[in-house]
Amino acid sequence: MIRAALLSLALLLPATVSAQLAPSSPPVAPLGLAMECGALAGSPMIEATLFFGRNIGDAVGVSERDWSQFLDQEVTPRFPDGLTVHDGSGHWRDNRTGRLIREPSKILILLTPRDGDSLLSIQEIVDRYKERFHQQSVGTVMRPACVGF
């Protein structure tokens, strides 16, 4: 899922960055933002939304303290300029058992430059969460945005 999101996002990046992210793929023409960021006193960026499930097995295994430590150790150092976290409640189908799983979650929103380093940082966060908390996946959505502060 993450690989598909990164490849989709590669369409939004300049061809030179896209080639660095997927060297075996042919370069693609960049797509422009449909909106005029200058009129908003903003800049073209990427809005990344990540969905972190908190169950490990059938019980909540990622406590508030675990989440705070993960945020402090893995996310904030990669995105020190800011981020937003929301509590969520989600459900998904376990690809091993076919069961519908309901669990609390954390929703992380990042506004980041449209560059390969930022995308790799997002992938590292996803990989570390999956490894540390024994998760099958982390839902990831990326879209172009005009951002002004």
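Biologist: How much space lies in the largest pocket?
Modeller: In this predicted model, the largest pocket holds about 520 Å³ of space.

Biologist: How can anyone tell where there is empty space at all?
Modeller: Empty space shows up when a probe the size of a water molecule is rolled over the atoms.

Biologist: And which residues lie nearest the centre of that pocket?
Modeller: The lining of the largest pocket is made up of 24 residues, and those nearest the centre are Gly53, Trp92, Glu103, Gln135 and Ser137.

Biologist: What kinds of residues are in the lining, nonpolar, polar or charged?
Modeller: The lining of the largest pocket has 13 polar residues, together with six nonpolar and five charged ones.

Biologist: Which strands supply at least two residues of it?
Modeller: Strand 1 (43-53), strand 4 (84-93) and strand 5 (100-112) each give at least two residues to the lining of the largest pocket, and strand 4 provides the largest share, with five residues.

Biologist: Let's stay with strand 4, then. What does Gly90 touch there?
Modeller: Gly90, which has its place in strand 4, touches Ile101, Arg102, Glu103 and Ser105 when residues up to four places away in sequence are not counted. One of these, Glu103, is also among the residues nearest the centre of the largest pocket.

Biologist: How far apart are Gly90 and Phe52 in space?
Modeller: From C-alpha to C-alpha, Gly90 and Phe52 are 9.6 Å apart, although 38 residues separate them in sequence.

Biologist: Stepping back, how many helices and strands does the protein chain have?
Modeller: The protein chain has four helices and six strands, and from the N terminus on these elements follow one another as α-α-β-β-β-α-β-β-α-β.

Biologist: What share of the chain is buried?
Modeller: Of the 149 residues in the protein chain, 38% are buried. The accessible surface of the protein chain comes to about 8,700 Å², and carbon and sulfur atoms account for 54% of that surface.

Biologist: Which residues of helix 3 are buried?
Modeller: In helix 3 (residues 64-75), the buried residues are Trp67, Phe70, Leu71, Glu74 and Val75. Looking down the axis of helix 3, these buried residues fall within an arc of 105°, so they line one face of the helix.

Biologist: What do they pack against, and which residues are exposed on the other side?
Modeller: The buried residues of helix 3 pack against strand 1, strand 4, strand 5 and helix 4 (116-133), whereas Arg65 and Asp72 are exposed on the other side of helix 3.

Biologist: New topic: what about the phi of His134?
Modeller: His134 is not a glycine, and yet it has a positive phi of about 55°. For comparison, most residues other than glycine have a negative phi. His134 lies in the loop between helix 4 and strand 6, and with a relative accessibility of 63% it counts as exposed.

Biologist: Is Gly139 buried or exposed?
Modeller: Gly139, which is found in strand 6 (residues 139-147), is buried, because its relative accessible area of 17% falls under the 20% limit. Its C-alpha is 8.7 Å from that of Gly53, a residue 86 positions away in sequence.

Biologist: And where is Gly38?
Modeller: Gly38 has its place in the loop between helix 2 (15-21) and strand 1, and at 52% relative accessibility it counts as exposed. The C-alpha atoms of Gly38 and Val147 are separated by 9.9 Å, while the two residues are 109 residues apart along the chain.

How values were computed. Residues are numbered from 1 along each chain as its sequence is written. This is a predicted model: local features need pLDDT of at least 70, side-chain atom pairs count only at pLDDT 80 or more; totals for chains, interfaces and linings use all residues. Side-chain values use heavy atoms; hydrogens and water are left out. On a 1 Å grid over the protein atoms alone, a cavity is a set of points where a 1.4 Å probe fits but cannot get out, and a pocket is an open set with protein on both sides within 12 Å along at least five of seven lines; lining residues have an atom within 4 Å of a point. Grid points are joined across faces, edges and corners, and a volume is the space filled by probe spheres set on the points. Ala, Val, Leu, Ile, Met, Phe, Trp, Tyr, Cys and Pro count as nonpolar, Asp, Glu, Lys and Arg as charged, and the others, Gly among them, as polar. Buried means under 20% relative accessible area, exposed over 50%, partly exposed in between (1.4 Å probe, protein chains only). Accessible areas come from the Shrake-Rupley method with a 1.4 Å probe; for residues, only the protein chains shown count as cover. The arc is that of the directions from the helix axis to the C-beta atoms. Contact means heavy atoms within 4.5 Å.
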